Amino acid sequence: MHLIIISCLAAVFFLHVDAAPGTFVYTGCSPSRYAPNTAFESNLNSLLASMASTASTGATYSSFTSGAGPESESAAVDGAASAAYGLYQCRGDLRPGECEACVRDTVLRLGAAVCAGATAASLQSDGCYVRYGAARRNLVGRADDTSVAYHRCSAGTSGDAWFLRSRDAVLSELQQGVDATATASSGGGYKVSASGPVRGVAQCLLGGVAAADCTACLAQAVAQVHGTCGAALAADVYLVQCSVRYWTNAKYVRPSQGNPEDDAGRTVAIAIGISAGVAALVVFISFLRKACSS
């Protein structure tokens, strides 16, 4: 019975880690819309195509500009911005082929479906982040912007002392910051930590995010993890410039709070136990009948 329950729990907490890189996490779309058949739409389409093409070279991060005039950040046509700016960044542990596939898939969703017609948009998938807008200064965000773009906490929690010490050790190491000045090709801006049954990763946006700002952002993200998710067995927090994630090998930590998957595991285990008991009883009765008749 316990083996079945443990297997179900392990599947729950490793779900977001083993998910395909293109798995959707969150998106943000500006309320403003651009008119069709305009210079901005043409430049945006060109920019999104360049993202997909550049990702095929193996670069894990790159920023883009399409249609900007040399005299200003964004040229204007009929009073409307015409230039488009964008960037993408892949998770630091992805192979080049995985990064390319993730960016291509995310660009396709962002441009054609999720935020169709928006003058600024971003989409975070499990393996990469894509963002575009009509102003370069808004791409990375302000260094002091500590707003939470997205967070999720596992339903299962634990007061196990070993788990809590391990979780805090992982978050403490991640909070110390990552090398935000490393080159995109080296997987910079990404850090991995492990302690006991807990694993965690942190990442800052490359380009435009100074090392000190990266460290400050991660400290805020860790504070959000503690404040929002408490003793959750797994948690993800995404700020504008960075993200922190941790998860637990549930085989080694007993949760103090369950979730629907736990109940399903218990139901299956109980059903199997009842079936086995009934089968044993039938065999025993059959044996008694044979013994009595003889």
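S30 counts as buried, at 15% relative accessibility; buried means under 20% relative accessible area, exposed over 50%, and partly exposed in between, with a 1.4 Å probe and protein chains only. The residue belongs to a predicted model, in which local features need pLDDT of at least 70 and side-chain atom pairs count only at pLDDT 80 or more, while totals for chains, interfaces and linings use all residues. Residues are numbered from 1 along each chain as its sequence is written, and side-chain values use heavy atoms, with hydrogens and water left out.

S30 sits in the loop between strand 1 (24-29) and helix 2 (39-55). Helices (H or I, at least four residues) and strands (E, at least two) are DSSP runs, numbered from the N terminus. Leaving aside residues up to four places away in sequence, S30 touches A118, T119 and A120, where contact means heavy atoms within 4.5 Å. With T119 there is also a polar contact of 3.3 Å between the two side chains. A polar contact is a pair of N or O atoms within 3.5 Å; within protein, one must be able to donate a hydrogen and the other to accept it, and residues adjacent in sequence count only if both atoms are side-chain atoms.

How confident is the predictor in the chain? The mean pLDDT is 77, and 72% of the residues reach 70 or more; pLDDT is the predictor's confidence in each residue, from 0 to 100. Over residues 70-79 the pLDDT is below 50, and this stretch has 20 contacts in the model beyond near neighbours in sequence. Residues 183-187 also stay under 50, and the model has 7 contacts for them beyond four places in sequence. Where pLDDT is low, the predicted coordinates should not be read in detail.

The next topic is the disulfides. A disulfide is a covalent bond between the sulfur atoms of two cysteines; here the term is applied to a pair of cysteine sulfur atoms within 2.5 Å. A search of the whole structure finds 6 of them. With the bonded cysteines of the chain numbered in sequence order, the pairing runs 1-5, 2-3, 4-6, 7-11, 8-9, 10-12.

One of these links is formed by C153 and C229, with their sulfur atoms 1.9 Å apart. The angle about its S-S bond is -65°, and the link is left-handed. C153 lies in strand 8 (residues 148-153) and C229 in helix 5 (residues 211-229), so the pair ties together parts that are 76 residues apart in sequence. C153 is partly exposed, with a relative accessible area of 32%, whereas C229 counts as buried at 8%.

C204 is buried, with a relative accessible area of 2%, and C214 counts as buried at 0%.

C217 is joined to C242 by a disulfide, S to S 2.1 Å. C217 is in helix 5 and C242 in strand 12 (residues 242-248), so that the pair links distant parts of the chain, 25 residues apart. The link is left-handed, with -90° about the S-S bond, and both cysteines are buried.

Helix 5 also packs against helix 4 (161-175). Two packed helices are described by the angle between their axes and the distance between the axes. For helix 4 and helix 5, the axes come within 8 Å and cross at roughly 155°. Axes are lines fitted to C-alpha atoms, for helices over the stretch in contact, and angles run from 0 to 180 degrees between N-to-C directions. Helix 4 and helix 5 are therefore roughly antiparallel to each other; angles under 35 degrees count as roughly parallel, over 145 as roughly antiparallel, 65 to 115 as roughly perpendicular and the rest as oblique. On the helix 4 side the contact is made by R167, D168, L171, L174 and Q175, and on the helix 5 side by T215, L218, A219, V222, V225 and H226.

Two loop residues complete the tour. S154, in the loop between strand 8 and helix 4, counts as buried at 17% relative accessibility. The side chain of S154 reaches the backbone nitrogen of L233 at 3.0 Å. T146 is found in the loop between strand 7 (128-133) and strand 8 and is partly exposed, with a relative accessible area of 39%. Not counting residues up to four places away in sequence, T146 touches Q220 and L239.
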